[in-house]
Amino acid sequence: MRRRPYVSALLAALAAVPLVLLSGLVAAAPARPAAAAAPVRIMPLGDSITGSPGCWRSILWNRLQSTGHTDIDFVGTLGPQGCGQPHDGDNEGHGGYLATNVANQNLLPGWLAATRPDIVLMHFGTNDVWSNIAPATILAAYSRLVDQMRASNPAMRVIVAKIIPMAPASCAACGQRAVALNSAIDGWAAGKTTAQSPVVVVDQWTGFSTATDTYDGVHPNAAGDQKMSDRWYPAVVAALSGATPSPTGSPTPTVGPTVTPTSTPSSACAATYRITNQWQGGWQGEVTVRNTGTARTTGWRVGFTLPDGQRITQTWNAELTQSGTAVSARNVSWNGALAAGAEATFGFLGSTTGTPTVPTVSCTAG
């Protein structure tokens, strides 16, 4: 009977051994790695120039990869169509589609819901130009598409192209129609951009030749694909580097001292006129309006006088009238409000019996 205390002590010691071993195993378990950040999702959006096969996308993808931008994902409901090199070929390049139809038929929201992009590269409008749709109507479609992008992602970064030149055998007027659309895009983008969702314009038109950079006057060949990729690349890199994390909470506002202005804000503007293109019997002009005051404008009006024999035949981004040689132009609904230092641009085509000249331009701010 005297041995029972020793037996009890031994059993208690043995019972404690598994707990010690289990504690050691738990302590030695490795920590789980942190979850990787989601890649930035980029949607190429447009028509056959983007998607059929749209090999500028493959060149752009591989250049981004080779320069260290590997944490990206090209997205779209359409898959790749070859191009002879590995790449992420997902896209929304729908051959034959019009930007106006995509906007009016509300096709984009479904594509956005399926892919959730952070950046959209949009080269869209070639088929609209071919269909002789007015630049103002195309730009209204652009606006609706951007609104739908922002409904999907309020911080969407939108990169919009001035479309490449057009010279199809079946559409002699398409070349100048493309010029008219492209000339209106800068002003539209300036009025549509926001700090949270910037709209950046990439000039795919300048320096692009339908003779050497397309195989049919419309669709890019290998040289054209390379040029398009080269133009997209800096804008995409800038958009990637400009990504900012979402705030984790609402900041507490800081209340500062009340500042009494030393002067009353004033409205003023200045306008500059330039000839951007000319040909036998015609020319293309552009006027840039700049808010030179300290108050936000509510509207602006520009006036100038053309020599006899010059008449404006088409305009965009402004409401323009001509009476004899006197020309008056005023803002449209979306580009009249200019912050101090901001600019708006409108353009026009004209016919002439002589050489177009640059007139003196007046500007009045509202």
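Leaving out neighbours within four places in sequence, Leu 45 touches Thr 50, Glu 92, Leu 108, Trp 111, Val 120, Leu 121, Met 122, His 123, Phe 124 and Met 149, where contact means heavy atoms within 4.5 Å. The structure is a predicted model, in which local features need pLDDT of at least 70, side-chain atom pairs count only at pLDDT 80 or more, and totals for chains, interfaces and linings use all residues. Residues are numbered from 1 along each chain as its sequence is written, and side-chain values use heavy atoms, with hydrogens and water left out.

**Nonpolar cores**

- Leu 45 is among the residues with the most contacts inside the largest nonpolar core, which has 37 residues, and the others named are Leu 108, Met 122, Tyr 142 and Met 149.
- A nonpolar core is a set of buried Ala, Val, Leu, Ile, Met, Phe, Trp, Tyr and Cys residues joined through side-chain atoms within 4.5 Å.
- At least two residues of this core come from each of several elements, including strand S1 (40-46), strand S4 (119-123), helix H5 (108-115), helix H7 (135-152) and helix H8 (174-192), and H8 gives the largest share, eight residues.
- Helices (H or I, at least four residues) and strands (E, at least two) are DSSP runs, numbered from the N terminus.
- Another core, of 24 residues, lies apart from it and has Val 40, Ile 159, Ala 161 and Met 228 among its members.

**Packing of H5 and H7**

- The axes of H5 and H7 are 10 Å apart, and the two helices pack at an angle of about 30 degrees, which makes H5 roughly parallel to H7, a label for angles under 35 degrees.
- Leu 108, Pro 109 and Leu 112 of H5 make the contact with Leu 145, Gln 148, Met 149 and Ser 152 of H7.

**Thr 313**

- Thr 313 is found in strand S10 (residues 310-316) and is exposed, with a relative accessible area of 56%, given that buried means under 20%, exposed over 50% and partly exposed in between (1.4 Å probe, protein chains only).
- Beyond its neighbours within four places in sequence, Thr 313 is in contact with Leu 349, Gly 350 and Ser 351; the C-alpha atoms of Thr 313 and Ser 351 are separated by 6.8 Å, although these residues are 38 residues apart along the chain.

**Confidence**

- The protein averages a pLDDT of 85, and 84% of the residues score at least 70, pLDDT being the predictor's confidence in each residue, from 0 to 100.
- Residues 1-7 stay under 50 in pLDDT and have zero contacts beyond four places in sequence.
- Where pLDDT is low, the predicted coordinates should not be read in detail.

Definitions and conventions. Axes fitted to C-alpha atoms, helices over the stretch in contact; angles between N-to-C directions. Parallel < 35°, antiparallel > 145°, perpendicular 65-115°, else oblique.
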